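Hi,

Here's the structure I said I'd pass on.

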Amino acid sequence: MKYYILWFTISFFGIVNAQNCSLTFLGELTDFHDGSPISAATIHIKNLDRYLISDLDGKFKIEDLCKGNLTLVISHVGCETKTVTFNMKGDRFESIDIEHHIEELGEVTINNKVSTETSTGQETVIKSEVLDKYSALSLGDALKEVSGVSSINTGNSIVKPMINGLHSSRLLILNNNVRLQDQEWGIEHAPNIDINSADQISVIKGSGTLAYGGDAIGGIVVINPSRIILKDTLYGKTTLGGQTNGRGYSIATNLNSYFNSGWFANIQASLKKHGDFETPDYNLTNTGSESQGVSFRTGRKQFENGFELFYNYVNNKIGILRASHIGNISDLVTAINTQQPLIINEFSYDIIAPRQEVTHHLLKASYYKRFKNFGKLTLQYDYQNNRRFEFDVRVGDDRNKPALDLTLQTHTLNVDVISDAKNNYKLNFGVLGRYQDNFANPDTGVRRLIPDYQRYDFGAYITGEWDLNDRVVLDAGVRYDFNRIDAKKFYQTSRWEERGYDEEFSDFVIEDLGTQLLTNPVFDFHNLSLATGLKYELNDVSFFTINYALASRPPNPSELFSDGLHHSAARIELGDLRLDQELSNRISTTYSYNKNKWELLFEGFYNHINDFMYVQPIGIEQTIRGAFPVWSYQQTNASLYGMDLSINYKVSDALKLSNKSAYIIGEDLKNNSALIDIPPFNTSNEISYTNRKWYDFSASIRSEWVFEQTKYPDYNFETFIASTNETVLVDISTPPPAYHLLHFYSDVNFEITKNTRLNVALSVNNIFNTNYRSYLNRLRYFADDLGRNVMLQLQLNY
């Protein structure tokens, strides 16, 4: 037996001694970005529980290794921790790439630094804690947090953003990197965005961000969802709100799930309902609204590659003030001369005609791939379907039939490349293709205001950003866009000849039906855009920027093809086939100072626009429903210039004073007059108090002062009123007087559990129930704006 034991012992030690534990692993750590060495990185040898540090060349050496798997966990400040495994069969050398700029890229980490879309542009970021206050309101309401941003409204529920006096097709809105296509040409068409789906919004004044588009003469609004966290976590929030004016209520909830592997999923939903709103003196009959929104996002985010699927649904039903439905000029004169609406009923949640019903679907799929020593390639496809019904007050069998029925479908494919392998400069280039189909349903029984059309877009751009030194950043870019619009439209023969189209566009006629002509207008537009900017950091607390942008915008379908009675506006609108694209030259400058108790931001701009498109009255036309003013789209040369100012002063840790002011002038250079719908000077002053010891208590009083607009065009006209046998002046131009409002906001936070917090917020708008009318509200002819509104909001974060 002892011989067997001796033999086993000798064999065992022979096998152990025969195992090769003299292998060597040589490693080199390099930056995936640019191939530079990563020094002072920590390498944890998981098998042996040993630690090493990479040298100045990013190299390290591990000796006396046995055959088998070798697992290394590599970490470094500012880098994503990386785990790698190698099968050791002999001596081995490996170059290991890690990403040293992961925080700057912001793909899989989250920090307190606000990410921006531009380096030199006039950009303001609205963060999630501010957006939470607007859960029951609209995108247009939230954007007014930015100095120089206002809105042009149709009543209180249709709020269309305006940046430095420009709106509609001159603004570009991106929702999760998808350009919104929702009939934005209509001045009474609000963006189909659920504010609860946004985690951060960037407002960029001007068209300097060419990767998004070259036609954003007014500015760009970038709406971003929550950022992806590389961590196993699950969190969400639910918001409940109620308000006195309109007796409205709202609920919004979202749930976010993230994994350390990069997988993620988010779901969000909201519901809002309001009844008739009220002024200090009367109800605004038929001004209720209903809104539902759902969004879902999923995918996987890793450093080297990833994908995302995103779906967004918004449905809005909006009542239009019943008294604003005008049958003819006589009704308009009566409404203007009457201090109260001609129709005032008891409060109701019913939404009857006139009203809008709009449904918007958005679907996006994107994929990205990073390449070593080069950059990032992103492919994106998105589809949008926008269905718009507008109901007029009709009788008989047509009572429930819309007067306008439009379906707009849009397909977009985008390829974007970022080359950022070098530390001191970055290039961004890409191409875009888009196909759009608009169908105007002829079954409405009303002459179609907008025709069927197909639109084809192609764009290509290249931009660059250079860090000239530690204090100076320069960027520049160029973009080319081709647009083709191919329409099918019926024209009355008399209108066709009256406009002189029979001489200039006879080749558009494809069928002569006697009193009508079927035409096929086809237009091609070539657009060139340029932008450059410079940012100079004067010192650690202040910087200065200057920007120049050349932007080109082709006419939209409304400006080209409008032809008929716009019922809710009580006017006949005529487009013009002769319109050419607008050309904007915008110069802007910014000065920012932030030190100790003071924060100051000054922004100035001058925007010269050749062939600026606008609509103005040109006469009266008699129809079977009565006499209506005729408004026609025209072109002129225009200039807009002004300044925006934001000042914050911290009196103490608890007390802060703030001011936001904006002043703009718009001039029609050809006609030596003012432009219509330019915001008057407005200034807002706020005093706020916070006390972190009182459950994070905060309270603020804000003073809003809007001056009377004294620079406006005179579009007044005279008309004959048959019922009174007299000629009267129809004053549609004179702005309302100035007004001053006070608002209150306060909130507290209660810690329910370690990971659950309840925020309770109370706000009072128009504290003193002041009567006023806004120059930028298209229903100011018929009624006052809203009276006092008390809002209570509960938000549970978990």
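This is a predicted model: local features need pLDDT of at least 70, side-chain atom pairs count only at pLDDT 80 or more; totals for chains, interfaces and linings use all residues.

**What I found**

Three strands make up an open sheet, ordered S4-S1-S7, with mixed pairing. Strands here are DSSP runs (E, at least two residues) numbered from the N terminus, and two of them pair if DSSP finds at least two bridges between them. S4 (59-65) and S7 (92-98) are the edge strands: each has a single partner strand, so one side of each has no neighbour in the sheet. In general, strands of a sheet pair through backbone hydrogen bonds, either parallel or antiparallel. Strand S1 (residues 23-31) runs parallel to S7, and seven bridges join the two.

Residues are numbered from 1 along each chain as its sequence is written, and side-chain values use heavy atoms, leaving out hydrogens and water.

Now jump to Ser632, which lies in strand S37 (residues 626-650). Is Ser632 buried or exposed? Its relative accessibility is 2%, so Ser632 counts as buried (that means under 20% relative accessible area, with a 1.4 Å probe and protein chains only). Beyond its neighbours within four places in sequence, Ser632 is in contact (heavy atoms within 4.5 Å) with Arg499, Leu574, Tyr614, Val615, Gln616 and Ile618. By contrast, the C-alpha atoms of Ser632 and Ala421 are separated by 53 Å.

Cheers

Notes. Helices (H or I, at least four residues) and strands (E, at least two) are DSSP runs, numbered from the N terminus. Buried means under 20% relative accessible area, exposed over 50%, partly exposed in between (1.4 Å probe, protein chains only).
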